[in-house]
Amino acid sequence: MSQFVLHPEAYTDLNEIWEYIAADNLDAADRVLAEIYEAVCSLVRFPHQGHARPDLTSRPLRFQAIRDYVIAYAADEKPLAVIAILHGRRNPRVLAAILNRRG
């Protein structure tokens, strides 16, 4: 059994991140995804290291920044559930809408 699960749309997030970066540099795209997966593995070991964002969601999600991205995850779920991996400079209303849609 895996120690974390990705929401189906979180896979899409990762693919979009990789494709965007890979348009300029394939190696950099691979490195960024490896760093994101490494961060998720760290969250499995220490799930409460992220912070809450009650301005974005009333759900008990936590958020961890990695590079220009933010990982939204359910720290208390077993296995740890990654809900989204999004660019951190998005408008907070857009982030909130995405998280709300992913219920």
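Student: How many bridges join strand β3 to β4?
Tutor: This is a predicted model: local features need pLDDT of at least 70, side-chain atom pairs count only at pLDDT 80 or more, and totals for chains, interfaces and linings use all residues. Residues are numbered from 1 along each chain as its sequence is written, and side-chain values use heavy atoms, without hydrogens and water. Strands (E, at least two residues) and helices (H or I, at least four) are DSSP runs, numbered from the N terminus, and two strands pair if DSSP finds at least two bridges between them. β3 covers residues 69-74 and runs antiparallel to β4, and the bridges joining them number six.

Student: Which residue in β4 is the bridge partner of Ala-74?
Tutor: β3 and β4 form a hairpin, with five residues between them. In β4, the partner of Ala-74 is Ala-81.

Student: In what order do the four strands form the sheet?
Tutor: β1 and β4 run parallel, joined by three bridges. β2 and β3 pair in the antiparallel sense over five bridges. The sheet is open, its pairing is mixed, and the order is β1-β4-β3-β2.

Student: Which strands stand at the edges?
Tutor: Take the order β1-β4-β3-β2 again. An edge strand here has a single partner strand, so one side is left without a neighbour in the sheet; the two are β1 and β2.

Student: Is strand β4 mostly covered or mostly uncovered?
Tutor: Buried means under 20% relative accessible area, exposed over 50%, and partly exposed in between (1.4 Å probe, protein chains only). β4 spans residues 80-87, and seven of its eight residues are buried. That makes β4 mostly covered.

Student: Why is the pair of Phe-4 and Tyr-37 tilted?
Tutor: Rings of Phe, Tyr and Trp (its six-membered ring) pair if their centres lie within 6.5 Å; planes under 30 degrees apart count as stacked, over 60 as edge-to-face and the rest as tilted. The structure holds one aromatic pair. The centres of Phe-4 and Tyr-37 are 6.4 Å apart, and the pair is tilted because the planes stand at 45°.

Student: How many residues apart in sequence are the parts that this pair ties together?
Tutor: Phe-4 lies in strand β1 (residues 4-6), and Tyr-37 lies in helix α2 (residues 26-45). The pair therefore ties together parts whose separation in sequence is 33 residues.

Student: Is Tyr-37 buried or partly exposed?
Tutor: Phe-4 is buried, at 17% relative accessible area. Tyr-37 has a relative accessible area of 33%, so Tyr-37 is partly exposed.
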